[in-house]
Amino acid sequence: MNAPESPCHDEVCVTCSDEAVRVRVVRLLGDGLAMVDGGGGEEEVSVALVEARLGDVLLVHAKEAIAVITDACREEEP
């Protein structure tokens, strides 16, 4: 039995490019949402999967925060 063909090629998903971007929380909105800024202006993202606080640096993928970046992990500021 053959596995279904994956939409991903060359180790990069054609739908999402498998990227997460660093952003900083500038305002918590409630209901699991926050306003963040990654250097290109503010945008609303979901923080339902992480414990985000004002000023935290997050990794965001597809408008969903997937990790809080700690001081030990920071290489550059957004």
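This is a predicted model: local features need pLDDT of at least 70, side-chain atom pairs count only at pLDDT 80 or more; totals for chains, interfaces and linings use all residues.
**Entry 1: Arg22**

I started with Arg22, which is partly exposed, with a relative accessible area of 24%. For these labels I use buried for under 20% relative accessible area, exposed for over 50% and partly exposed for in between, with a 1.4 Å probe and protein chains only. Arg22 has its place in strand E3.

Residues are numbered from 1 along each chain as its sequence is written, and side-chain values use heavy atoms, with hydrogens and water left out.

**Entry 2: the overall plan**

How many helices and strands does the protein have? I found zero helices and seven strands. Here helices (H or I, at least four residues) and strands (E, at least two) are DSSP runs, numbered from the N terminus. Along the sequence the pattern reads β-β-β-β-β-β-β.

Of the 78 residues in the protein, 22% are buried. I also looked at contacts, meaning heavy atoms within 4.5 Å. Among contacts in the protein with a separation of 6 or more, 36% are between residues 24 or more positions apart. The protein exposes about 5700 Å², and carbon and sulfur atoms supply 50% of that area. Accessible areas come from the Shrake-Rupley method with a 1.4 Å probe, and for residues only the protein chains shown count as cover.

Strands pair if DSSP finds at least two bridges between them. Strand E3 (residues 21-30) and strand E4 (residues 33-37) run antiparallel and are joined by five bridges. Leu28 has Ala34 in E4 as its bridge partner. Two residues lie between the strands of this hairpin, and Asp31 there takes a positive phi near 55°.

E4 is also joined to strand E5 (residues 42-46) by five bridges, again antiparallel. Which residue in E5 is the bridge partner of Ala34? I found Val45. The hairpin of E4 and E5 has four residues between the strands, and in it Gly39 takes a positive phi near 105°.

**Entry 3: the nonpolar core**

Which residues make up the largest nonpolar core? I counted eleven: Val23, Val25, Ala34, Val36, Val45, Val47, Val50, Ala52, Leu58, Val60 and Ala65. E3, E4 and E6 each supply at least two residues of this core. The term stands for a set of buried Ala, Val, Leu, Ile, Met, Phe, Trp, Tyr and Cys residues joined through side-chain atoms within 4.5 Å.

Apart from neighbours within four places in sequence, Val60 is in contact with Glu19, Ala20, Val21, Val23, Val45 and Ala65.

**Entry 4: Ser46**

Is Ser46 buried or exposed? Ser46 counts as buried, at 15% relative accessibility. Its place is in strand E5. The Ser46 side chain makes a polar contact with the side chain of Glu64, at 3.0 Å. A polar contact is a pair of N or O atoms within 3.5 Å; within protein, one must be able to donate a hydrogen and the other to accept it, and residues adjacent in sequence count only if both atoms are side-chain atoms. Not counting residues up to four places away in sequence, Ser46 touches Gly32, Leu33, Lys63, Glu64 and Ala65.

**Entry 5: salt bridges**

My search of the whole structure found three salt bridges, each a side-chain nitrogen of Lys or Arg within 4 Å of a carboxyl oxygen of Asp or Glu.

- Glu42 and Arg27 meet through their side chains at 3.8 Å, N to O. This pair links distant parts of the chain, with Glu42 in strand E5 and Arg27 in strand E3, 15 residues apart. Glu42 is partly exposed at 45%, and Arg27 is partly exposed at 42%.
- Lys63 pairs with Glu43, the closest N and O atoms being 3.1 Å apart. Lys63 is in the loop between E6 and strand E7 (64-69) and Glu43 is in strand E5, 20 residues apart. Glu43 counts as partly exposed, at 34%.
- Arg53 and Asp56 meet at 3.9 Å, N to O. Arg53 counts as exposed at 59%, whereas Asp56 counts as buried at 9%.

**Entry 6: back to Asp56**

I wanted to see where Asp56 is, and found it in the loop between E5 and strand E6 (57-61). Leaving aside neighbours within four places in sequence, Asp56 is in contact with Val23, Arg24, Val25, Glu51 and Val68.
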